[in-house]
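Colleague: Could you walk me through this model? I have a few things to ask.

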Amino acid sequence: MWWRKKSKEKAKERLKLVLAYDRARLSPGMVEKLKQDLLEVLRRYFPAQEEGLSVALEERGEKMVLIADIPLR
Amino acid sequence: MKARAIVVTSGKGGVGKTTTTANLGAGLAKLGEKVAVIDVDVGLRNLDVVMGLEGRVVFDLIDVLEGRAKPRQALIRDKRVENLYLLPASQTRDKEALDPARFQELVRHLLLEEGFDRVLIDSPAGIEKGFQTAAAPAEGALVVVNPEVSSVRDADRIIGLLEAREIRENLLVINRLRPRMVSRGDMLSVEDVVEILGLRPIGIIPEDEQVLIATNQGEVLVLKGGSPAALAYMDTARRLRGEEVPFRNLEEAPGLLGALRKLFGGR
(Lines give C-alpha, C1' and ligand atoms only; values in the text may rest on other atoms or scores of the structure.)
Protein backbone atom coordinates (compact mmCIF):
# COMPACT_ATOMS: atom_id res chain seq x y z
CA MET A 1 0.00 0.00 0.00
CA TRP A 2 1.22 3.43 -0.82
CA TRP A 3 1.10 4.99 2.61
CA ARG A 4 3.49 2.66 4.37
CA LYS A 5 6.97 1.40 3.66
CA LYS A 6 6.74 -1.85 1.77
CA SER A 7 7.72 -4.73 4.03
CA LYS A 8 9.80 -6.32 1.30
CA GLU A 9 12.10 -3.28 1.23
CA LYS A 10 12.74 -3.83 4.92
CA ALA A 11 13.35 -7.54 4.24
CA LYS A 12 15.81 -6.72 1.51
CA GLU A 13 17.75 -4.22 3.61
CA ARG A 14 17.99 -6.65 6.53
CA LEU A 15 19.02 -9.51 4.29
CA LYS A 16 21.77 -7.53 2.60
CA LEU A 17 23.23 -6.57 5.95
CA VAL A 18 23.03 -10.01 7.51
CA LEU A 19 24.49 -11.62 4.38
CA ALA A 20 27.39 -9.17 4.40
CA TYR A 21 28.28 -10.40 7.90
CA ASP A 22 27.59 -14.06 7.03
CA ARG A 23 29.80 -13.91 3.95
CA ALA A 24 32.61 -12.27 5.88
CA ARG A 25 32.17 -14.87 8.64
CA LEU A 26 31.77 -12.10 11.13
CA SER A 27 29.06 -11.48 13.61
CA PRO A 28 27.81 -8.00 14.43
CA GLY A 29 28.95 -8.67 18.02
CA MET A 30 32.49 -9.38 16.86
CA VAL A 31 32.59 -6.16 14.94
CA GLU A 32 31.53 -4.34 18.09
CA LYS A 33 34.34 -6.08 19.99
CA LEU A 34 36.80 -5.14 17.25
CA LYS A 35 35.66 -1.56 17.59
CA GLN A 36 36.42 -1.59 21.32
CA ASP A 37 39.86 -3.15 20.73
CA LEU A 38 40.56 -0.68 17.99
CA LEU A 39 39.66 2.17 20.29
CA GLU A 40 42.14 0.88 22.85
CA VAL A 41 44.92 0.78 20.24
CA LEU A 42 44.06 4.21 18.91
CA ARG A 43 44.23 5.67 22.40
CA ARG A 44 47.87 4.65 22.61
CA TYR A 45 48.60 7.20 19.90
CA PHE A 46 46.14 10.00 20.45
CA PRO A 47 43.11 10.74 22.55
CA ALA A 48 40.43 8.98 20.57
CA GLN A 49 36.79 8.98 21.49
CA GLU A 50 34.21 6.34 21.00
CA GLU A 51 31.78 8.93 19.81
CA GLY A 52 31.80 9.11 16.03
CA LEU A 53 33.96 6.03 15.63
CA SER A 54 32.34 3.55 13.31
CA VAL A 55 33.45 0.14 12.12
CA ALA A 56 31.22 -1.47 9.52
CA LEU A 57 31.14 -3.76 6.55
CA GLU A 58 30.59 -2.22 3.19
CA GLU A 59 30.05 -3.66 -0.23
CA ARG A 60 32.54 -2.49 -2.85
CA GLY A 61 31.69 -4.05 -6.16
CA GLU A 62 32.44 -7.75 -5.77
CA LYS A 63 34.34 -7.28 -2.53
CA MET A 64 33.29 -6.75 1.04
CA VAL A 65 35.46 -4.29 2.89
CA LEU A 66 35.66 -3.39 6.54
CA ILE A 67 35.56 0.36 6.95
CA ALA A 68 36.75 2.10 10.08
CA ASP A 69 35.81 5.73 10.27
CA ILE A 70 37.94 7.49 12.89
CA PRO A 71 37.18 11.14 13.56
CA LEU A 72 40.21 13.20 14.61
CA ARG A 73 38.11 15.94 16.16
CA MET B 1 21.76 -27.49 -17.75
CA LYS B 2 24.84 -29.46 -18.69
CA ALA B 3 25.14 -31.20 -15.33
CA ARG B 4 23.70 -34.70 -15.33
CA ALA B 5 24.14 -35.27 -11.62
CA ILE B 6 22.20 -32.50 -9.93
CA VAL B 7 21.70 -31.94 -6.22
CA VAL B 8 18.46 -30.27 -5.16
CA THR B 9 19.24 -28.33 -2.03
CA SER B 10 18.25 -25.33 0.08
CA GLY B 11 19.84 -25.28 3.50
CA LYS B 12 16.52 -24.56 5.14
CA GLY B 13 13.93 -27.27 5.51
CA GLY B 14 10.37 -27.06 4.29
CA VAL B 15 10.96 -24.89 1.25
CA GLY B 16 10.03 -27.54 -1.30
CA LYS B 17 13.14 -29.57 -2.13
CA THR B 18 11.35 -32.89 -2.22
CA THR B 19 8.39 -31.58 -4.20
CA THR B 20 10.80 -29.95 -6.62
CA THR B 21 12.84 -33.14 -7.00
CA ALA B 22 9.72 -35.22 -7.65
CA ASN B 23 8.22 -32.79 -10.15
CA LEU B 24 11.38 -32.06 -12.08
CA GLY B 25 12.25 -35.75 -12.16
CA ALA B 26 8.82 -36.60 -13.52
CA GLY B 27 8.92 -33.60 -15.86
CA LEU B 28 12.26 -34.65 -17.34
CA ALA B 29 11.02 -38.24 -17.72
CA LYS B 30 7.92 -36.94 -19.48
CA LEU B 31 10.24 -35.12 -21.87
CA GLY B 32 12.00 -38.38 -22.67
CA GLU B 33 14.95 -38.54 -20.31
CA LYS B 34 15.73 -41.59 -18.22
CA VAL B 35 15.80 -40.18 -14.72
CA ALA B 36 16.71 -41.47 -11.27
CA VAL B 37 15.60 -39.45 -8.26
CA ILE B 38 17.52 -40.30 -5.12
CA ASP B 39 16.45 -39.49 -1.57
CA VAL B 40 19.50 -38.84 0.58
CA ASP B 41 17.57 -37.78 3.67
CA VAL B 42 18.51 -40.89 5.60
CA GLY B 43 16.29 -41.35 8.64
CA LEU B 44 13.71 -38.87 7.38
CA ARG B 45 12.70 -40.44 4.09
CA ASN B 46 10.02 -38.52 2.23
CA LEU B 47 10.48 -38.60 -1.51
CA ASP B 48 8.72 -41.99 -1.58
CA VAL B 49 5.50 -40.67 0.01
CA VAL B 50 5.54 -37.45 -1.97
CA MET B 51 5.64 -39.55 -5.14
CA GLY B 52 3.13 -42.09 -3.85
CA LEU B 53 5.62 -44.95 -4.12
CA GLU B 54 5.93 -45.73 -0.40
CA GLY B 55 4.18 -49.06 -0.77
CA ARG B 56 6.81 -50.39 -3.12
CA VAL B 57 9.98 -49.78 -1.13
CA VAL B 58 11.94 -53.00 -0.63
CA PHE B 59 15.59 -51.98 -0.62
CA ASP B 60 17.02 -48.53 0.02
CA LEU B 61 20.06 -46.38 -0.62
CA ILE B 62 22.04 -47.74 2.35
CA ASP B 63 21.33 -51.33 1.22
CA VAL B 64 22.89 -50.44 -2.10
CA LEU B 65 25.85 -48.58 -0.64
CA GLU B 66 26.57 -51.47 1.72
CA GLY B 67 26.23 -54.08 -0.99
CA ARG B 68 23.06 -55.84 0.21
CA ALA B 69 21.19 -54.94 -2.96
CA LYS B 70 22.12 -54.12 -6.53
CA PRO B 71 21.12 -50.68 -7.76
CA ARG B 72 18.63 -52.27 -10.14
CA GLN B 73 16.96 -54.16 -7.31
CA ALA B 74 16.55 -51.03 -5.21
CA LEU B 75 15.37 -48.65 -7.92
CA ILE B 76 11.57 -48.39 -7.98
CA ARG B 77 10.15 -47.83 -11.43
CA ASP B 78 7.35 -45.29 -11.52
CA LYS B 79 4.56 -46.86 -13.56
CA ARG B 80 2.84 -43.58 -14.40
CA VAL B 81 5.58 -42.29 -16.67
CA GLU B 82 8.24 -44.08 -18.59
CA ASN B 83 11.87 -43.88 -17.49
CA LEU B 84 11.38 -42.49 -13.98
CA TYR B 85 13.00 -44.35 -11.09
CA LEU B 86 13.18 -43.68 -7.36
CA LEU B 87 15.95 -44.77 -5.05
CA PRO B 88 14.52 -44.27 -1.54
CA ALA B 89 16.47 -43.28 1.55
CA SER B 90 16.75 -45.63 4.47
CA GLN B 91 14.27 -44.83 7.22
CA THR B 92 15.87 -46.91 9.96
CA ARG B 93 19.54 -46.05 9.62
CA ASP B 94 21.18 -42.76 10.46
CA LYS B 95 23.17 -40.37 8.35
CA GLU B 96 26.45 -41.83 9.57
CA ALA B 97 25.80 -44.88 7.40
CA LEU B 98 26.23 -42.70 4.30
CA ASP B 99 29.60 -42.94 2.65
CA PRO B 100 30.19 -40.00 0.28
CA ALA B 101 32.77 -41.83 -1.84
CA ARG B 102 30.47 -44.84 -2.34
CA PHE B 103 27.55 -42.59 -3.09
CA GLN B 104 29.59 -40.77 -5.69
CA GLU B 105 30.50 -44.11 -7.23
CA LEU B 106 26.83 -45.17 -7.31
CA VAL B 107 25.74 -42.02 -9.15
CA ARG B 108 28.57 -42.46 -11.62
CA HIS B 109 27.48 -46.06 -12.16
CA LEU B 110 23.87 -45.02 -12.85
CA LEU B 111 24.96 -42.42 -15.41
CA LEU B 112 27.66 -44.39 -17.14
CA GLU B 113 26.54 -47.98 -16.89
CA GLU B 114 22.80 -48.05 -16.26
CA GLY B 115 21.88 -45.67 -19.05
CA PHE B 116 20.44 -42.87 -16.95
CA ASP B 117 20.44 -39.42 -18.56
CA ARG B 118 19.99 -37.57 -15.32
CA VAL B 119 20.23 -38.15 -11.59
CA LEU B 120 18.41 -35.75 -9.26
CA ILE B 121 19.59 -35.94 -5.67
CA ASP B 122 17.18 -34.76 -2.98
CA SER B 123 19.43 -33.35 -0.29
CA PRO B 124 18.48 -33.25 3.37
CA ALA B 125 18.11 -29.85 5.02
CA GLY B 126 21.12 -28.50 6.84
CA ILE B 127 24.77 -28.16 5.94
CA GLU B 128 26.18 -31.20 7.70
CA LYS B 129 27.06 -34.69 6.58
CA GLY B 130 23.79 -35.43 4.79
CA PHE B 131 24.15 -32.38 2.58
CA GLN B 132 27.85 -33.00 2.03
CA THR B 133 27.14 -36.54 0.89
CA ALA B 134 24.26 -35.45 -1.36
CA ALA B 135 26.54 -32.86 -2.96
CA ALA B 136 29.51 -35.22 -3.37
CA PRO B 137 28.59 -36.54 -6.84
CA ALA B 138 26.91 -33.34 -8.06
CA GLU B 139 28.08 -31.43 -11.12
CA GLY B 140 25.41 -28.82 -10.66
CA ALA B 141 22.82 -27.72 -8.12
CA LEU B 142 19.29 -26.45 -8.00
CA VAL B 143 18.97 -24.18 -5.00
CA VAL B 144 15.36 -24.09 -3.90
CA VAL B 145 14.49 -20.83 -2.18
CA ASN B 146 11.31 -19.21 -0.91
CA PRO B 147 11.05 -15.42 -1.20
CA GLU B 148 11.46 -14.99 2.52
CA VAL B 149 14.39 -13.83 4.67
CA SER B 150 15.37 -17.05 6.44
CA SER B 151 15.23 -19.11 3.28
CA VAL B 152 17.27 -16.57 1.29
CA ARG B 153 19.88 -16.38 4.03
CA ASP B 154 20.25 -20.16 4.18
CA ALA B 155 20.38 -20.37 0.38
CA ASP B 156 23.28 -17.93 0.40
CA ARG B 157 25.14 -20.15 2.83
CA ILE B 158 24.48 -23.23 0.69
CA ILE B 159 25.66 -21.44 -2.45
CA GLY B 160 28.93 -20.63 -0.67
CA LEU B 161 29.36 -24.29 0.30
CA LEU B 162 28.59 -25.47 -3.25
CA GLU B 163 31.17 -23.10 -4.67
CA ALA B 164 33.70 -24.29 -2.11
CA ARG B 165 33.12 -27.79 -3.47
CA GLU B 166 33.78 -26.51 -6.99
CA ILE B 167 30.17 -27.11 -8.00
CA ARG B 168 29.63 -24.23 -10.37
CA GLU B 169 26.48 -24.80 -12.40
CA ASN B 170 24.08 -23.57 -9.78
CA LEU B 171 20.62 -22.24 -10.52
CA LEU B 172 17.70 -21.03 -8.44
CA VAL B 173 14.25 -22.51 -8.18
CA ILE B 174 12.19 -19.78 -6.56
CA ASN B 175 9.33 -21.61 -4.93
CA ARG B 176 6.05 -20.59 -3.32
CA LEU B 177 5.98 -17.16 -4.88
CA ARG B 178 2.79 -15.24 -4.18
CA PRO B 179 2.40 -12.76 -7.03
CA ARG B 180 -0.24 -10.73 -5.22
CA MET B 181 2.01 -10.18 -2.21
CA VAL B 182 4.88 -9.29 -4.52
CA SER B 183 2.86 -6.69 -6.39
CA ARG B 184 1.69 -5.28 -3.06
CA GLY B 185 5.36 -4.98 -1.97
CA ASP B 186 5.00 -7.47 0.84
CA MET B 187 7.10 -10.25 -0.64
CA LEU B 188 10.59 -10.26 -2.13
CA SER B 189 10.27 -10.40 -5.90
CA VAL B 190 12.12 -12.75 -8.23
CA GLU B 191 14.40 -9.83 -9.12
CA ASP B 192 15.15 -9.13 -5.44
CA VAL B 193 16.08 -12.76 -4.74
CA VAL B 194 18.23 -12.94 -7.87
CA GLU B 195 19.98 -9.68 -7.00
CA ILE B 196 20.73 -10.79 -3.44
CA LEU B 197 21.90 -14.32 -4.27
CA GLY B 198 23.58 -13.59 -7.59
CA LEU B 199 22.33 -16.77 -9.29
CA ARG B 200 20.14 -17.10 -12.33
CA PRO B 201 16.64 -18.53 -11.82
CA ILE B 202 15.67 -21.59 -13.83
CA GLY B 203 12.27 -22.01 -12.24
CA ILE B 204 9.69 -19.72 -10.70
CA ILE B 205 6.97 -21.73 -9.01
CA PRO B 206 3.87 -19.95 -7.72
CA GLU B 207 2.20 -20.94 -4.46
CA ASP B 208 -0.47 -23.41 -5.49
CA GLU B 209 -2.95 -25.43 -3.40
CA GLN B 210 -2.72 -28.21 -5.94
CA VAL B 211 0.80 -29.03 -4.70
CA LEU B 212 -0.56 -30.15 -1.32
CA ILE B 213 -3.54 -31.86 -2.88
CA ALA B 214 -1.26 -33.88 -5.17
CA THR B 215 0.99 -34.80 -2.23
CA ASN B 216 -2.05 -35.88 -0.21
CA GLN B 217 -3.00 -38.21 -3.00
CA GLY B 218 0.49 -39.48 -3.69
CA GLU B 219 0.44 -38.05 -7.17
CA VAL B 220 3.13 -36.03 -8.89
CA LEU B 221 1.71 -32.70 -9.95
CA VAL B 222 3.37 -32.44 -13.37
CA LEU B 223 1.85 -35.79 -14.32
CA LYS B 224 -1.63 -34.41 -13.56
CA GLY B 225 -0.92 -31.12 -15.29
CA GLY B 226 -3.14 -28.08 -15.51
CA SER B 227 -2.45 -26.05 -12.36
CA PRO B 228 -0.07 -23.07 -12.22
CA ALA B 229 2.65 -24.91 -10.28
CA ALA B 230 2.40 -27.93 -12.60
CA LEU B 231 2.93 -25.67 -15.62
CA ALA B 232 5.80 -23.86 -13.92
CA TYR B 233 7.53 -27.13 -13.03
CA MET B 234 7.11 -28.40 -16.57
CA ASP B 235 8.60 -25.17 -17.93
CA THR B 236 11.51 -25.62 -15.53
CA ALA B 237 12.11 -29.17 -16.73
CA ARG B 238 12.22 -27.88 -20.32
CA ARG B 239 14.75 -25.21 -19.35
CA LEU B 240 16.86 -27.88 -17.64
CA ARG B 241 17.02 -29.60 -21.00
CA GLY B 242 18.25 -26.41 -22.57
CA GLU B 243 15.03 -25.24 -24.19
CA GLU B 244 14.37 -21.52 -24.21
CA VAL B 245 11.14 -21.17 -22.30
CA PRO B 246 10.02 -17.68 -21.30
CA PHE B 247 8.84 -17.20 -17.73
CA ARG B 248 5.07 -16.98 -17.45
CA ASN B 249 3.39 -13.88 -16.20
CA LEU B 250 2.20 -15.02 -12.79
CA GLU B 251 0.33 -11.82 -12.08
CA GLU B 252 -3.18 -12.71 -10.98
CA ALA B 253 -6.12 -10.70 -12.19
CA PRO B 254 -6.08 -7.86 -9.67
CA GLY B 255 -9.84 -7.68 -9.07
CA LEU B 256 -11.80 -4.58 -8.15
CA LEU B 257 -9.74 -3.71 -5.08
CA GLY B 258 -6.50 -3.97 -7.05
CA ALA B 259 -7.90 -1.84 -9.83
CA LEU B 260 -8.95 0.83 -7.32
CA ARG B 261 -5.57 0.73 -5.65
CA LYS B 262 -3.86 1.24 -9.00
CA LEU B 263 -6.18 4.14 -9.70
CA PHE B 264 -5.03 5.80 -6.49
CA GLY B 265 -1.40 5.32 -7.27
CA GLY B 266 -0.67 2.19 -5.27
CA ARG B 267 0.83 -0.90 -6.79
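What follows is a short chat about a strand, a loop residue and a chain contact.

Modeller: Ground rules: this is a predicted model, where local features need pLDDT of at least 70, side-chain atom pairs count only at pLDDT 80 or more, and totals for chains, interfaces and linings use all residues. Residues are numbered from 1 along each chain as its sequence is written, with chains lettered from A and ligands numbered from 1 in the order in which they are written.

Colleague: Is B:Gly13 buried, partly exposed or exposed?

Modeller: B:Gly13 sits in the loop between β1 (5-9) and α1 (17-30) of chain B; helices (H or I, at least four residues) and strands (E, at least two) are DSSP runs numbered from the N terminus. Buried means 20 or more other C-beta atoms within 10 Å of a residue's own, exposed 12 or fewer, partly exposed in between, with C-beta atoms placed from the backbone. B:Gly13 has 14 such neighbours, so the label is partly exposed.

Colleague: Which residue of β4(B) stands opposite B:Ile38?

Modeller: Strands pair if DSSP finds at least two bridges between them. β2(B) and β4 (residues 84-87) of chain B pair in the parallel sense over four bridges. Opposite B:Ile38 is B:Leu87.

Colleague: How many of the residues of β2 (residues 35-39) of chain B are buried?

Modeller: On one side B:Val35, B:Val37 and B:Asp39 are buried, and on the other B:Ala36 and B:Ile38 are too. The strand is largely enclosed by the rest of the structure, because the buried count is five of the five.
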